[in-house]
Protein chains: 2
Amino acid sequence: MKKYLEILKKCALFQNIEEEKLLTMLTCLGAQVISFDKKYTILTEGKPARYIGIVLTGSVQIIQIDYFGNRSILGNVLPSEVFNEAFACAEVESVPVTVIANEPSEIMLIDSDHILHTCSNNCGFHQQLIFNLMKDLAQKTIQFHRRIEITSKRTTREKLMAYLLSEAKRHNSAYFDIPFDRQELADYLEVERSGLSAEIGKLQKEGVLESHRKHFKLLQS
Amino acid sequence: MKKYLEILKKCALFQNIEEEKLLTMLTCLGAQVISFDKKYTILTEGKPARYIGIVLTGSVQIIQIDYFGNRSILGNVLPSEVFNEAFACAEVESVPVTVIANEPSEIMLIDSDHILHTCSNNCGFHQQLIFNLMKDLAQKTIQFHRRIEITSKRTTREKLMAYLLSEAKRHNSAYFDIPFDRQELADYLEVERSGLSAEIGKLQKEGVLESHRKHFKLLQS
DNA sequence: AAAAGTATGTTGAAAATTCAACAAACGGAG
DNA sequence: CTCCGTTTGTTGAATTTTCAACATACTTTT
C-alpha cells in the first residue's frame, strides 16, 4: 500500500487526514488494490454498487450503453480521482454505468459499507472521510453541470468548441491533449463521429484551430 | 418556523434528526424563510453560491442560459427538496445557474458557512447533517445520470419517449402530469419546441400516447 | 363577455446531422 | 521493414432538426 501513498495523498477523499493515519485507515476500511489490463471491465452495468473506486495508475472511462447499443461516455478518471462514489453512497441496487480500464490500470476498491455504516462514531477520521466524500460529490455535481453546458449546444460545431474552450481553460493553455480518440469524443459530445471529423477539418481550414489526433491547439483570431 | 415542520421532516437534509431538535437546529443554522412571487429570481447566475435552498411551498426551476441566450432547464424542485447544495458545498465563487420561482413559493435559505465551518464538532446533529448532505448529493448525481440518459438520445422522438417512460416509471402509472409546458419541455430535452409539438402529434396519431398540455397518458401497444 | 396575451400546433424551406461506405493515415507486431 | 488491424477523414444521399411564420386553442385581465 505504501507505494501508492503519494497518489492517495492527492485524493479528495483523504484530504486533511494525517499521512501516518492513512495507512491504518485503509486497512480498517478493507481497501484492496486490483490491476486491470487495457479495455478490461472494472464495474459492470446492472451489478450492485458496492465499491468506491480510486484510480492509482492508468485511467478509466465511465460509459453508458443504451437499449440500442449507443454508447455515451460520461467521463474519464485519472490517477487520484474517485469513481462510482455516487452510486455507492446512494446505495442503489445496481449501477447504471460500466467502468472500463483505458490502459493498464491499478485501482483501489473500498467497500462503501465500511465508510457508511461501520464505526462511524468511534474513529474521528471517519467524520473527516464523510466530509471529504460530501465535498467530492459536490464537485462531481459541478462536473455534470459543465458537461450539460457542453452537450446542450445544438450543433456539432458548438459542442466541439464549447468542449475545447473548457479544456483550454482547464489546462490554462491553448495547447493541450484530450483523453479521447475521435469516436470517444463523439460519444462524449453526443454527435456523429464522421460529422465531428468533418467539423474539425472545417475549423482547421478556417484557421480556428490545429489538431492532430488527440492533440489540439486553439488559435486566436 | 413551526408551520413548516411537516415539510421539513420530509427533507433529505433532516433525516434521522429528532423533531424537537430540528427547530433549535434551524435557529442555530440561521435559517430564514423568504417568499417569492411567480417568475421571480431566487438565485442569479454569477452571484456567490452562499445559500442552500429548500422549497417549502410552490416550486422552483433550475435554468442555465448560455452566451447566445439559449435556455436549458436542468430541473424542477418540489416542496421538501433541496437546491443549490452542490455549489454551496463546493464553495464555488459563483453559481453557473439561475433559480426562479415557478409559482408563488416559500423558500428556506441556509448559509452554507453555518453547515460547513461552524461548530461542526460541538453539535452531534451537525455530523448527521453532513451525512445527510452527502446522501443528498449522491442522489443528485444519480438524477443527473438519468437526465443524461434522456438527453443523450439523438432524435426528438427518442428523447421524448425516454423522458415519458422514465416519468411513467417514477409515477408508477401510465397516466401523469409533467411539470413543464411545451417550451420548457423542449428546453429540458434540448430540442426545438415546434419539432417537439410535431412529434407529440405524430405519436398521438400512431396511438402511442395521448396528451393534452401537461397531461400525458402512455398507451400500451 | 370581450379583449389581450400566452401557449400550442402546423407548415415548408433551409440547414445540419446521420448513415454507410470507402480511402488514407497511423501504429504495433512480427 | 512490411503487414495488418485500427483510427481518421471524406463523400453524397437520406433523414431530422431548426427556423420563421402563422392559425388555433387556451388563460387571464378588464
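Trainee: Which residues of helix 7 of chain B are buried?

Mentor: The model is predicted: local features need pLDDT of at least 70 and side-chain atom pairs count only at pLDDT 80 or more, whereas totals for chains, interfaces and linings use all residues; side-chain values use heavy atoms, leaving out hydrogens and water. Residues are numbered from 1 along each chain as its sequence is written, with chains lettered from A and ligands numbered from 1 in the order in which they are written. Helices are DSSP runs (H or I, at least four residues), as strands are (E, at least two), numbered from the N terminus, and buried means under 20% relative accessible area, exposed over 50%, partly exposed in between (1.4 Å probe, protein chains only). Seven of the eight residues of helix 7 of chain B are buried, namely B:Arg182, B:Glu184, B:Leu185, B:Ala186, B:Asp187, B:Tyr188 and B:Leu189.

Trainee: Why are the buried residues of helix 2 of chain B on the same side?

Mentor: In helix 2 (residues 19-29) of chain B, the buried residues are B:Leu22, B:Met25, B:Leu26 and B:Leu29. An α-helix has 3.6 residues a turn, so residues three or four places apart point the same way. The arc is taken from the directions from the helix axis to the C-beta atoms. These residues of helix 2 of chain B are on the same side because they cover an arc of only 100°.

Trainee: Which residues are exposed on the other side of helix 2 of chain B?

Mentor: The buried residues of helix 2 of chain B pack against helix 1 (5-10), strand 8 (105-111), helix 4 (112-116) and helix 5 of chain B. On the other side, the exposed residues are B:Glu20, B:Thr24 and B:Thr27.

Trainee: Which backbone nitrogen does the side chain of B:Thr98 reach?

Mentor: B:Thr98 is found in strand 7 (residues 98-101) of chain B and counts as buried at 15% relative accessibility. Leaving aside neighbours within four places in sequence, B:Thr98 is in contact (heavy atoms within 4.5 Å) with residues including B:Thr41, B:Glu45 and B:Ile62. At 3.3 Å, the side chain of B:Thr98 reaches the backbone nitrogen of B:Glu45.

Trainee: Which three residues supply 18% of the area that chain B buries against chain A?

Mentor: Buried area is the accessible area (1.4 Å probe) that two parts lose on being put together, summed over both. Between chain B and chain A it is about 3,500 Å², of which carbon and sulfur atoms give 65%. More than any other three residues, the ones that supply 18% of chain B's share are B:Met134, B:His145 and B:Ile148.

Trainee: Which helix of chain B gives the most to the side that touches chain A?

Mentor: Between the two chains there are 13 residue pairs in polar contact (both at pLDDT 80 or more). Strand 5 (71-77), helix 3 (85-89), helix 5 (124-151) and helix 7 (182-189) of chain B each give two or more residues to that side. With 16 residues, the one that gives the most is helix 5 of chain B.

Trainee: How many salt bridges are counted between chain B and chain A?

Mentor: A salt bridge is a side-chain nitrogen of Lys or Arg within 4 Å of a carboxyl oxygen of Asp or Glu. B:Glu91 and A:Lys135 form one, with the closest N and O atoms 2.4 Å apart; this pair crosses from the loop between helix 3 and strand 7 of chain B to helix 5 of chain A. A:Lys153 and B:Asp66 also meet in one, at 3.4 Å, N to O. The count between chain B and chain A is four.

Trainee: Is B:Arg170 buried or exposed?

Mentor: B:Arg170 meets B:Glu167 in a salt bridge at 3.0 Å, N to O, and both lie in helix 6 (residues 156-171) of chain B, three residues apart. B:Glu167 is buried, with a relative accessible area of 7%. At 54%, B:Arg170 is exposed.

Notes
A polar contact is a pair of N or O atoms within 3.5 Å; within protein, one must be able to donate a hydrogen and the other to accept it, and residues adjacent in sequence count only if both atoms are side-chain atoms.
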